[in-house]
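Here is a short briefing to read with the structure open beside you. Take it topic by topic, and keep the viewer handy.

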There are 2 protein chains.
Amino acid sequence: MAPHILIVEDEADLALMLRYNLEAEGFRVSAAASGDEAIETIQMGVPDLILLDWMLPGLSGIELCRRWRAREETARVPIIMVTARGEEEERVRGLATGADDYVVKPFSVPELVARIQALLRRVNPQLVANVLKAGDIEIDRTSHRVRRGGRDLHLGPTEYRLLEYLMRHPGRVYSREQLLDGVWGNEVYVDERTVDVHVGRLRKAINRRASETDPIRTVRGAGYAFDERFAAAVG
Amino acid sequence: MAPHILIVEDEADLALMLRYNLEAEGFRVSAAASGDEAIETIQMGVPDLILLDWMLPGLSGIELCRRWRAREETARVPIIMVTARGEEEERVRGLATGADDYVVKPFSVPELVARIQALLRRVNPQLVANVLKAGDIEIDRTSHRVRRGGRDLHLGPTEYRLLEYLMRHPGRVYSREQLLDGVWGNEVYVDERTVDVHVGRLRKAINRRASETDPIRTVRGAGYAFDERFAAAVG
DNA sequence: CCGCGCCTTCCATTCAACCGGCAGGGAAAG
DNA sequence: CTTTCCCTGCCGGTTGAATGGAAGGCGCGG
């Protein structure tokens, strides 16, 4: 399951922008426009991380932070505070109160994402693991190694990236165009059929043994997906 | 079927940029360069959302907005107005006239997309939902899977799109012509009877078991609809 | 009862995905 | 510097599924 992020932000524009970008990064996102709303939202389910605006109407960010830290359920949820430039002193008080990190508006989205990943990794490495796993297939992203049933598989660079890309969102169907954008890069000019060829090669490399099921699903007229039921089927 | 957006914009460059970006986001896009053209376009099919430039040659955005709001068919279509900086007073009048949201040029595409998603969700959550559900029938759009009572159904691409299209607006009756436009695409030229055949195939694929009720309602002389009472009847 | 409109079945055609092979390019090895 | 190997992208052909059309039968509504 994708990590769940709660955004506490009263500026609707900013909140919307954040939601959109974080969802594009694969996070699940909830949003609250005030402290009271945030508390209410958290009662419905504790998120994996909280993005907290410091300047809130009503309950302040500091107060929220303190309350969450005091409760058993939420004490370990990482909090990133969002401050406007010039609230530097707030930052000190914030870190003292228990926030784990901070960003200053305006911030870049990639930077924010990087901080989020880092915090999530610190608290729960599983959430942003460097090892993708599904059934008996395992990708180690740091060493660029792929194994199936213990055996090492030999993949070309493109096949590797393709597999990684597909495994990032098991079940999700990608069109050839999306795959070209995501795996090859948006500036390259390559024929869409080439995707077929590489999927074919990837399959040949992965399903070397007769007993092994093909984890890649072809969706006629739509594209390809890594079968989300593969893990359960092979398990 | 993907939500349909109408762009009313006289600056050709901007219109093209919008079309390109929105299509990349998976929307279907029509464009009109003037108010008259927009009215004409809408007669061919009501979009799910309208992006309306405020400064138009001929009929003004305000006037268009007013007319659409007055007509039954278009009264509920969300409208986002596009204003240039410095037309702030226009914005007030626009919201008063019935626009649902506005963006100020220059705007970021992700921001615009986020607003579009939000509006579509407000009007009809089905439009941007990941899973369409009615009774025991379920379509997962990201994984392109269709299930009934837990079992997977095998649909061809056309039947899939047809079912999705019908389920978007349960109860609404579509003529064969509308279905050809919406499911096949407006540029294709196919016999109307062919729709019958595909509805037949869809039915066969969906109602495989004897106990299963047919959710597709034939309206003699008018077309087809996904029965809005189906969900309640099946439970 | 009549006639129009819908449903079904069948068939030819088209189309999308897969396969094997090939040539260019680049990196690594000699 | 040359040779070799591997990766890559593309092409043509094959196969099986999906599609579009036609025809006949049936049922509904008048």
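Two strands count as paired if DSSP finds at least two bridges between them. With that in hand, A:Ile5 has A:Leu49, in S3(A), as its bridge partner. Please keep in mind that this is a predicted model. Chain A holds nine helices and eleven strands, and buried residues account for 28% of its 235 residues.

**Strand S3 of chain A and its partner**

- S1(A) and S3(A) run parallel and are joined by four bridges.
- How many residues of strand S3 (residues 49–53) of chain A are buried? The count is five of five, so the strand is mostly covered, taking a residue as buried when 20 or more other C-beta atoms lie within 10 Å of its own.
- In a regular strand the side chains alternate between the two faces of the sheet.
- In S3(A), A:Leu49, A:Leu51 and A:Asp53 lie on one side, with A:Ile50 and A:Leu52 on the other. Both faces are covered, and these residues are all buried.

**Helix H2 of chain A**

- Helix H2 (residues 35–44) of chain A has A:Gly35, A:Ala38 and A:Ile42 among its residues, and these three are buried.
- Why do the buried residues of H2(A) line one face of the helix? Looking down the axis of H2(A), they fall within an arc of 55°, so they line one face.
- On the face of H2(A) turned away from that buried side you will find the exposed residues A:Glu40, A:Gln43 and A:Met44.
- The cover over the buried residues of H2(A) includes strand S1 (4–8), strand S2 (28–32) and helix H3 (61–70) of chain A.

**A four-stranded sheet in chain A**

- Four strands of chain A form an open sheet in the order S6-S7-S8-S9, with antiparallel pairing.
- Strand S6 (131–134) and strand S9 (151–153) of chain A are the edge strands, each pairing on one side only.
- From one strand to the next, the twist averages 25°.
- S6(A) pairs with strand S7 (residues 137–140) of chain A in the antiparallel sense, over four bridges. A:Lys133 has A:Glu138, in S7(A), as its bridge partner.

- Within chain A, take the contacts between residues at least 6 apart in sequence: 55% of them join residues at least 24 apart.
- The contact between chains A and B draws on 14 residues from chain A and ten residues from chain B.
- Which element gives the largest share of the chain A side? That is helix H1 (residues 12–24) of chain A, with five residues.
- By class, the chain A side that touches chain B has seven nonpolar, three polar and four charged residues.

**Around the DNA strands**

- DNA strand C is surrounded by 15 residues, of which A:Gly200, A:Thr218, A:Arg220, B:Gly200 and B:Thr218 are the closest.
- Helix H8 (193–206) of chain A and helix H9 (193–206) of chain B each supply at least two residues of the surface near DNA strand C. H9(B) gives the most, with five residues.
- The surface near DNA strand C is made up of four nonpolar, six polar and five charged residues.
- DNA strand D has 21 residues around it, and A:Gly156, A:Asp191, B:Gly156, B:Thr158 and B:Asp191 come nearest.
- For the surface near DNA strand D, at least two residues each come from helix H6 (157–168) and H8 of chain A, and from helix H7 (157–168) and H9 of chain B.
- That surface near DNA strand D divides into eight nonpolar, six polar and seven charged residues.

**Two loop residues to look up**

- A:Glu192 sits in the loop between helix H7 (176–184) and H8 of chain A. Is A:Glu192 buried or exposed? A:Glu192 is exposed, because a residue counts as exposed with 12 or fewer other C-beta atoms within 10 Å, and A:Glu192 has 12.
- Leaving aside neighbours within four places in sequence, A:Glu192 is in contact with A:Arg176, A:Glu177 and A:Leu180.
- A:Glu192 and A:Ser175 are 17 residues apart along the chain, and their C-alpha atoms are separated by 9.5 Å.
- B:His144 lies in the loop between strand S7 (137–140) and strand S8 (145–148) of chain B.
- Although B:His144 is not a glycine, its phi is positive, at about 55°.
- B:His144 counts as buried, with 21 C-beta neighbours inside 10 Å.

How values were computed
Residues are numbered from 1 along each chain as its sequence is written. Chains are lettered from A and ligands numbered from 1 in the order in which they are written. This is a predicted model: local features need pLDDT of at least 70, side-chain atom pairs count only at pLDDT 80 or more; totals for chains, interfaces and linings use all residues. Two residues are in contact if their C-beta atoms, placed from the backbone, lie within 7 Å. Ala, Val, Leu, Ile, Met, Phe, Trp, Tyr, Cys and Pro count as nonpolar, Asp, Glu, Lys and Arg as charged, and the others, Gly among them, as polar. A residue is near a molecule or strand if its C-beta atom, placed from the backbone, lies within 6 Å of it. The arc is that of the directions from the helix axis to the C-beta atoms. Axes are lines fitted to C-alpha atoms, for helices over the stretch in contact, and angles run from 0 to 180 degrees between N-to-C directions.
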